[in-house]
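Colleague: I have the sequence and the model open. Can you walk me through it?

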Amino acid sequence: MIFLQYRRWLEGKDLPILAAIAFAIVALVPILHGSLSLVQVALIAGLSAAGAIAITALFRLIYQLLSRFL
């Protein structure tokens with residue numbers, strides 16, 4: 001991946017590739033252990049992403065309020 005980005009062969013295609021690799025790792029490891037189903041993994045990943053976006057938005061709002069008043 002690093003070599004392909006260095007050669008500029010992955011212009012704009014790197015994020016979907018990284019997302020697919022990450023999803024494959026997250027989806028296959030629990031399935032191989034037999035503890036979680038694919039639906040549960042997808043649900044946990046979706047809720048985690050939504051929580052991260054909410055926390056980021058909250059911190060950005062606080063930063064904007066502080067920068068406006070200070």
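Colleague: What pattern does the protein chain follow along the sequence?

Modeller: The pattern reads α-α-α, with three helices and zero strands in the protein chain. Helices (H or I, at least four residues) and strands (E, at least two) are DSSP runs, numbered from the N terminus. This is a predicted model, where local features need pLDDT of at least 70, side-chain atom pairs count only at pLDDT 80 or more, and totals for chains, interfaces and linings use all residues. Residues are numbered from 1 along each chain as its sequence is written, and side-chain values use heavy atoms, with hydrogens and water left out.

Colleague: Switching topic: is Ala27 buried or exposed?

Modeller: Ala27 counts as buried because its relative accessibility is 5%. Buried means under 20% relative accessible area, exposed over 50%, partly exposed in between (1.4 Å probe, protein chains only). Ala27 sits in helix α2 (residues 14-33).

Colleague: And what is Ala27 in contact with?

Modeller: Leu38 and Val41, leaving aside neighbours within four places in sequence. Contact means heavy atoms within 4.5 Å.

Colleague: How much of the protein chain is buried?

Modeller: Buried residues are 7% of the 70. The accessible surface is about 6200 Å², and 74% of that belongs to carbon and sulfur atoms. Those areas come from the Shrake-Rupley method with a 1.4 Å probe; for residues, only the protein chains shown count as cover.

Colleague: Where is Leu65, then?

Modeller: Leu65 is in helix α3 (residues 38-69). With a relative accessible area of 39%, Leu65 is partly exposed.
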